[in-house]
Amino acid sequence: MSVRKLIKAFLVLGAIAAATVVLYLRVSSRIIDADRIITEAFMHNDKSNYIALVETEIAYMGKKLQAKARILHSGNNEKIIRLGPEHESAWSITKNGTTYTYLPKDKILLISNSNHSEANRQRIRLLLSNYRVACIGEESVAGHKAYLIEIRSRRFGITSKKLWIDKRHHTLLRSVDYSATGEKRGIMNTIRISYNTRIDPAEFDISSLDPSVRKLIVCRPAEPANLSRTLKISLHPPKYVPKGYISEGHYLYNSQCNCNHRSAQLTYTDGLNTFSVFETPINQPCRGTKCNMLLEDSGHKGCELQGCEMARTGQIRRGNKIVTVVGDLASKEIRRIAESVQ
Amino acid sequence: MSECQKTQNLLSDYRTGLLSPKMCRDIEAHISRCPKCAKELRVLDDVMALIERNITDCEPPVGLWNRVYNRITQAQHTNSKAAIGRWLLQPLHAVGTVIAIAALVAAIMIGDIRQNDMGYSVASHSHAEYIQGHVLYAAKVPLADRVGYLSIVVATSSEASGNQ
């Protein structure tokens, strides 16, 4: 082989190696960027300050629930006012881990407590271990430049969520959610957003609410032993939990039904999606009312499944309690979780 | 680690079928030429046989009851098909069945059977309240569509409170 041919071969090999290195660096930097972007969006939520007008469409029981809402976000506090044709709007206020949801039609304020002050760090670690996150482009949403992030399940290889995250402020401007079976189940889109606008602290005050409004603490953290004592059932977590999910909390759940029956709510997350296991004693004070009738008379020889796009439910009787599993999982997974509760 | 040690560490996995076909072949090849490891495998088999003979309390697998129940009901359904066919062949029964079907269709069209335009049945009262409870929790996950979830809480509220 002549020296000339050797030099040529050397140059070709060198060019291929250089191209490989550049490609690797581009791909790896893209992955690292996406991880960083999603982490900042997760952690920045408590620091941002904005007023936004958003529109959403979410599938529920075969219907498409459409809504416009005004969001007032100031650090840890957030108020969502649902804009609709109704005389009075439904709203929710979240402050310091507690969410107050006002439903004018029922004249009720639902209060939901959680103990998740440190949960976001754990969730982001879980999310990155269970999902592949990639930045697949940049687009403009409501006049703001945004990264388009795609989140794909590592286990099933399907797209679980797409997010448009503001490049500068790290806020979520648009999202598309996909169900466990890959169908589109919800869209959120920001129409207008203005940052660093002063928000009157009175906006997050619930003391001015009409005193005739019924206040119900629907959800409060509780120790498993206390839940067993309070509800007089032996509380057992499911023996089967889908891969990637971890237990996140135990709560005492008060039903909104007028007979106030109560359940233990066990919550699980994989960083992006969630499911709940409710264990409800059969012998409730609401005996004779409609909800108790359903609990006692529905047979429950096997697991009774219901499907909707947002969450599937499975219900099964176990001794002196009814076990209900709710989550965006495949029906067979819901059934398996419900059946694994002792 | 010697080949014998490696093989002996994998024997229990080999016996319970947890190894790949290639690893199984490697172990079988080694056992065929190594009397020490072959003896170790026989001891393992004896111990497993002893355990199996003495197990008295065994928990049924998850879903056993449902599988049995579904198979029983499926068998009943198959047997009853022939009987239904014979019954329908009688003219009076056939006319009665047609009238009953027509009445049911009329009830669906006119009555308050709660079926929406996409063909999903509306969640029963008891399920709606659990969906609401779950949504209140799910909405707290960062990056969740909280406005969409609020729409679901509003939609489930009347069902959950019994104001239908």
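## A buried arginine

A:Arg123 counts as buried, at 2% relative accessibility; buried here means under 20% relative accessible area, exposed over 50% and partly exposed in between, with a 1.4 Å probe and protein chains only. You'll find A:Arg123 in helix α2 (residues 119-130) of chain A. Helices (H or I, at least four residues) and strands (E, at least two) are DSSP runs, numbered from the N terminus. A:Arg123 and A:Gly271 sit 148 residues apart in sequence, but their C-alpha atoms are 4.4 Å apart in space.

This is a predicted model, where local features need pLDDT of at least 70, side-chain atom pairs count only at pLDDT 80 or more, and totals for chains, interfaces and linings use all residues. Residues are numbered from 1 along each chain as its sequence is written, chains are lettered from A and ligands numbered from 1 in the order in which they are written, and side-chain values use heavy atoms, leaving out hydrogens and water.

## An asparagine in a strand

Over in strand β11 (residues 184-195) of chain A is A:Asn189, which is buried with a relative accessible area of 15%. Its side chain makes a polar contact of 2.8 Å with that of A:Arg174. (A polar contact is a pair of N or O atoms within 3.5 Å; within protein, one must be able to donate a hydrogen and the other to accept it, and residues adjacent in sequence count only if both atoms are side-chain atoms.)

Leaving aside residues up to four places away in sequence, A:Asn189 touches A:Leu53, A:Val54, A:Glu55, A:Val141, A:Leu173 and A:Arg174. Contact means heavy atoms within 4.5 Å.

The largest nonpolar core has 36 residues, and A:Ile38, A:Ile149, A:Ile151, A:Leu163 and A:Ile165 touch the most other members. Such a core is a set of buried Ala, Val, Leu, Ile, Met, Phe, Trp, Tyr and Cys residues joined through side-chain atoms within 4.5 Å. There's also a second, separate core of 26 residues, with A:Leu65, A:Ala90, A:Leu110 and A:Cys219 among them.

## Chain B

How many helices and strands are there in chain B? Seven helices and zero strands. Of its 164 residues, 32% count as buried. Among contacts in chain B between residues at least 6 apart in sequence, 48% join residues at least 24 apart.
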